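Subject: Structure for your review

Dear colleague,

Please find the structure below, together with its sequence.

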Protein chains: 2
Amino acid sequence: MKVAVLGYGTVGVGVYEMLQAAEGLEAGPVLVRPGKVNEPFKVDSIEAITGDATVDAVAEVMGGVEPAFTYALAAIQAGKHFVTSNKALVAAKGVELNRAARENGVAFLFSAACGGGVPILHNLARAVETDEILSVGGILNGTTNYMLDQMQSIGLDYGEALRQAQQLGYAEADPTADVTGLDALRKIMLACAVAWGELPQEGLLNEGIDSFTAEDVRDLAARGFVCRLVASGKRAEDGRLAAYVEPVLVSAGDAESAVLRNYNMARYEGRCSGPIAMIGQGAGRYPTASAVLRDLSGIAAGESAMFPAGCVNGAADNSAEVHEYYVRLPKAAVHSLPVAAVLSDDGETLRFRTGEVSVKTMHETAASLRADHHAVFFAACRRSA
Amino acid sequence: MKVAVLGYGTVGVGVYEMLQAAEGLEAGPVLVRPGKVNEPFKVDSIEAITGDATVDAVAEVMGGVEPAFTYALAAIQAGKHFVTSNKALVAAKGVELNRAARENGVAFLFSAACGGGVPILHNLARAVETDEILSVGGILNGTTNYMLDQMQSIGLDYGEALRQAQQLGYAEADPTADVTGLDALRKIMLACAVAWGELPQEGLLNEGIDSFTAEDVRDLAARGFVCRLVASGKRAEDGRLAAYVEPVLVSAGDAESAVLRNYNMARYEGRCSGPIAMIGQGAGRYPTASAVLRDLSGIAAGESAMFPAGCVNGAADNSAEVHEYYVRLPKAAVHSLPVAAVLSDDGETLRFRTGEVSVKTMHETAASLRADHHAVFFAACRRSA
């Protein structure tokens, strides 16, 4: 099977190298930006790939919704299998791509878009065939996990941790999508669609780690907790879909506390299988490329889809998900949330545990306080499953 | 696809129930012992299944090498796909079954034979297609993990922990295969064959937990360690295959220390993917049945093999694998191992850390001391990968 590659950045180089070594797969042309064609295997127009009858499959690792979506549709309509690592693309346009791929009789797979090298979506898609999925989730962003680990294990402050993540290539020059939880949110959107055939586009909530400070680290450590950024998806009995990202406090005995550096821990719970968790590197050239290659060899073995046939766009509703929260905010703003126990009070800033509050209320309250220029940090208090 | 089931014990009932609920799969006849045919779907001869042209696949969950092997060959030669949860069968006869299945153009899959509900072998087989596997291993026996957890978290002694595991149905009436590490050894044999095409039949070493005492628990806890039973498989550059099971000391920060109750943590490391670990329930009716069902739906999707085409029986060589060990033995016997640091000495019993010792030397030395009626406990001191 001959595979063209769209993009020749960190992951693209890894995919191209692995294709040259893989049995049964062959490296085809690589799409680069105009002016970057400096080797014979590189091309600078998508038509050079869609018009090449020897190309069986296209692996897209450019990132971003456009022009990736236009290229993806062109490849699928030209009868090429389509594999991607691009979570922004699949979160925004997955339903359209799934429909187009099925209409054109080609595969559409995207293991590398959630969990990096961790094969969570592939296994989730397999499990759906014979089991009922109760929940999906986990630590799905390697950049923020690296930053949290550095802040909590060696005491870096937020800015230092971010700079180090950027120097190591874990964080982009613009790290907004990572640190606000948007990247993890896109990944949990994909997992929801694989599990339940519904790709939520509205009602989603993401709290990141950009309010987390060295002072928070010290206070939590004294209480025996570390903070992880956790994505959650759940389908309630009444059909309502919860999908959100937020900081969560975990204890030394919890599995999440052993997820260090840039690692991911993705999980699902099946009614029969029970909870299944998978741990591996969530980012990086070869881990991500290995997920792209597994999808490609899966196509050769007959695998063709992760989203079910009738997958639709939908909406999340996080009003029925309830947690107690650890909250730090100015004393003046404390009336906005139910205080179950005050943890510390320095006259200006209060740290407290709330009573039960819905995810929707907690996220919206924090947004409203921030609109009033109050500094807020919050994290859910719950045990790992 | 119509599926006959061989065996109607804990797992067999789960498989039969799940088949009735699964889309695209259909429950066929169930083989039970003569005299146990008390419902219309039960039969008591394998010929009633091999001779039934409507049966497409056979799921064997009886356990034991015979008559399971005879039945498996009969099913395969009758053109039925063959799926099993039986690690003793595949460890002993996997090469023959793989050859027979390929000759007869049917599938031979055994996810449930290693890791219970954890899909490690399926993912390993996928990874092998495009990546080089460097090592395999993990906590592969739920019974002993449950016992170790109960001993170390609530202070049960060995006998109490074993009785509790038996009451909960985790341990067999004869628990020998579990507590001696033989069950975990069979599972690592399968993982080696999936990873490297060689099913080791000789040179294997298994140390279990049957020498572990409440006094050992207390001494290790004071030093910040817990004990886990870990299986390891590795292929060296020179082609030598290491395959063994032994107790390993882990610290609070290690991922293995968060693997509690009857859970398994199976892992592999790919050259490109890096380390991948999978955690889930290693035993139990529905977790194990869910793995059998995933194999069956995989066959419907075109999956047919876990062992590579030319898989052969081979031999392990554990002489090049070297660790430092924590050892407890009578003072009189201490000359048999290199002592790097004495940890405690009560006049009769010595606890110490060895210098570097090969796995082969450590296991053989312990066997030789036990032949002389010395009580010995040992555990490898190494960090998780």
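This is a predicted model: local features need pLDDT of at least 70, side-chain atom pairs count only at pLDDT 80 or more; totals for chains, interfaces and linings use all residues.

Residues are numbered from 1 along each chain as its sequence is written, and chains are lettered from A and ligands numbered from 1 in the order in which they are written.

Domains of chain A

The domain assignment, whose bounds come from an automatic or database source, divides chain A into domain 1 (2–109), domain 2 (120–281 + 311–315) and domain 3 (322–381). Between domain 2 and domain 3 of chain A, the C-alpha centres are 21 Å apart. Their contact (C-beta atoms, placed from the backbone, within 7 Å) takes 12 residues from domain 2 and 15 residues from domain 3 of chain A. On the domain 2 side, helix 10 (214–222) and strand 11 (241–251) of chain A each supply at least two residues; helices (H or I, at least four residues) and strands (E, at least two) are DSSP runs numbered from the N terminus. Strand 11 of chain A gives the largest share of that side, with five residues. By class, the domain 2 side has seven nonpolar, one polar and four charged residues. Here Ala, Val, Leu, Ile, Met, Phe, Trp, Tyr, Cys and Pro count as nonpolar, Asp, Glu, Lys and Arg as charged, and the others, Gly among them, as polar.

Contact between chains A and B

Chain A and chain B each bring 38 residues to their contact. On the chain A side, the elements that give two or more residues are helix 5 (120–128), strand 13 (274–281) and helix 11 (285–300). That side is made up of 19 nonpolar, 13 polar and six charged residues. Strand 13 of chain A pairs with strand 13 (residues 274–281) of chain B in the antiparallel sense over three bridges, where pairing requires that DSSP finds at least two bridges. Within this pairing, Ala277(A) stands opposite Ile279(B).

Sheet of chain B

In chain B, six strands form an open sheet with parallel pairing, in the order 3-2-1-4-5-6. Strand 3 (42–43) and strand 6 (108–109) of chain B are at the edges with a single partner strand each, so one side of each has no neighbour in the sheet. Strand 1 (residues 2–6) and strand 2 (residues 26–31) of chain B pair over four bridges, and Lys2(B) has Glu26(B) as its bridge partner in strand 2.

Helix pairs

Helix 4 (residues 87–103) and helix 9 (residues 182–196) of chain A pack at about 50°, with axes 9 Å apart. Axes are lines fitted to C-alpha atoms, for helices over the stretch in contact, and angles run from 0 to 180 degrees between N-to-C directions. These two helices of chain A are therefore oblique to each other; angles under 35 degrees count as roughly parallel, over 145 as roughly antiparallel, 65 to 115 as roughly perpendicular and the rest as oblique.

In chain B, helix 5 (residues 120–128) and helix 9 (residues 182–196) pack at about 20°, with axes 8 Å apart, which makes them roughly parallel. Leu121(B), Leu124(B), Ala125(B) and Val128(B) of helix 5 meet Leu190(B), Ala191(B), Val194(B) and Ala195(B) of helix 9. This contact has eight nonpolar, no polar and no charged residues.

With kind regards

Definitions and conventions: Two residues are in contact if their C-beta atoms, placed from the backbone, lie within 7 Å.
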